[in-house]
Amino acid sequence: MIVSALTLTHFRNFESLTVPFSPKLNVLYGDNGSGKTNLLEGIFVLCLGRSQRGAADSVLLQTGQEVYRLEGVVCHDGQEHTLAVAYQRAGRRRITIDQSPVRQSELYDRFCVVSAGPEDSEIISGPPSMRRLFLDIYLSQFSRRYLVDLTDYQRALAQKNAALKAEMDPSPFESILISTGARLIQARVQFTTELSQSAAESYRAIAQGEGLELRYEPSVPCGAESMDIPAIEQSFEIRLASLAERERAAHTSLVGPHRDDLAIEIKGMPARTFGSQGQWRTTAIALKLAVYDLLKRKRETTPILLLDEIFAELDRGRSQALVEAFAGYEQLFLTTAGEPPVGLAAESRKFRIASGAIEEIH
């Protein structure tokens with residue numbers, strides 16, 4: 001898949017801008033705050049209808065504006081399509097493919113994109129919610145069923161929590177939480193198992209031999225290891241019953257996929273507490289490269305890869321190993337405040353971004 005052009009209107013710090021892209025490497029130069037990251041975010045929103053940074057649509061609007069619009073030309077499976085994502089303040093987002101309105105889920109079905117940036121260190125160092133968000137964004141690109149289950153689970157969870165806050169009976173919503181939650185747990189366990197091997201290989205290549213291990217940690221205490229849905233559902237139901245009094249006292253739901261975590265270990269130690277900044281960045285990049293590899297193999301298409309200042313805090317050896325890992329990748333976007341490592345700049349299309357404006361460097 002290739003994004004050949006993008007038009008941004010009132011998006012972040014861009015007033016109105018059209019950019020043609022190379023089908024291979026695109027290097028975006030600019031100082032911090034110039035808009036490099038915003039341009040990558042625009043590509044991500046165009047492809048999946050959401051920000052990789054978790055930003056709400058109202059935050060994506062340029063200051064003082066009421067509407068933003070993204071439009072791009074995307075080549076997929078040998079066909080060219082025009083995608084558009086528009087949002088009006090206090091209104092709804094509108095997504096079209098070739099001028100026909102579609103649901104956001106159709107973007108997940110047809111397109112895939114992987115983004116890596118400085119904020120990804122929080123996948124390793126931050127709270128469990130950051131690791132769950134990572135799983136949800138990329139698992140949704142593997143499976144429409146996962147996206148549907150996640151949406152249904154989140155809706156039922158909100159209804160249950162509202163009932164608990166109002167001191168009403170929450171049980172009518174628990175059957176949906178159990179059925180959808182069991183499928184989410186199973187999918188996350190399977191994904192983590194596959195991702196762990198690929199991420200460990202990427203990490204070893206970049207970190208020159210260090211080991212990386214991933215393990216999914218469900219709040220439902222048993223059954224997930226066998227990936228058997230009835231067993232997970234039974235365990236979930238038992239756990240809900242045992243925590244019913246505590247949930248009523250806390251006025252919130254205490255068990256389920258929204259309480260799960262992803263354990264990440266470097267050389268056998270918890271990365272969150274024992275890893276350095278460089279190890280966190282390397283781990284985050286390895287996770288994203290592993291996701292890219294899994295998407296490419298399972299979706300039988302090449303994802304777009306967005307890399308935001310990924311060489312910051314990496315030593316020369318890790319940077320060079322990362323450059324070598326890019327061999328064979330297709331369309332790639334790379335932001336940098338300085339010069340990228342030798343071997344990347346030679347065959348690239350280069351752009352300089354400043355104050356919401358962009359110019360190609362020849």
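The model is predicted, so local features need pLDDT of at least 70, side-chain atom pairs count only at pLDDT 80 or more, and totals for chains, interfaces and linings use all residues. Residues are numbered from 1 along each chain as its sequence is written, and side-chain values use heavy atoms, with hydrogens and water left out.

Two packed helices are described by the angle between their axes and the distance between the axes. Helices are DSSP runs (H or I, at least four residues), numbered from the N terminus. Axes are lines fitted to C-alpha atoms over the stretch in contact, and angles run from 0 to 180 degrees between N-to-C directions.

Helix H7 covers residues 174–207. H6 packs on H7 at an angle of about 140°, and their axes lie 9 Å apart. The two helices, H6 and H7, are therefore oblique to each other (under 35 degrees is roughly parallel, over 145 roughly antiparallel, 65 to 115 roughly perpendicular, and the rest oblique). The contact (heavy atoms within 4.5 Å) includes Tyr153, Ala156 and Leu157 of H6, and Leu177, Leu184 and Ala187 of H7. Its residues divide into 9 nonpolar, 2 polar and 7 charged. Here Ala, Val, Leu, Ile, Met, Phe, Trp, Tyr, Cys and Pro count as nonpolar, Asp, Glu, Lys and Arg as charged, and the others, Gly among them, as polar.

H5 meets H7 at another angle. The axes of H5 and H7 cross at roughly 90° and come within 11 Å. H5 and H7 are therefore roughly perpendicular to each other. Among the residues in contact are Phe134, Leu135 and Phe142 of H5, with Phe191 and Leu195 of H7. The contact of H5 with H7 has 8 nonpolar, 1 polar and 3 charged residues.

Helix H8 spans residues 229–242. Its axis and that of H7 come within 9 Å and cross at roughly 130°. That makes H7 oblique to H8. Contacts include Ile178 and Ile185 in H7, and Ile232 and Phe236 in H8. By class, 8 nonpolar, 3 polar and 4 charged residues form the contact of H7 with H8.

The largest pocket holds about 380 Å³ of space. A pocket is an open set of points on a 1 Å grid over the protein atoms alone, where a 1.4 Å probe fits, with protein on both sides within 12 Å along at least five of seven lines; lining residues have an atom within 4 Å of a point. H6 (144–165) gives the largest share of the lining, 7 residues.

Terms used:
Grid points are joined across faces, edges and corners, and a volume is the space filled by probe spheres set on the points.
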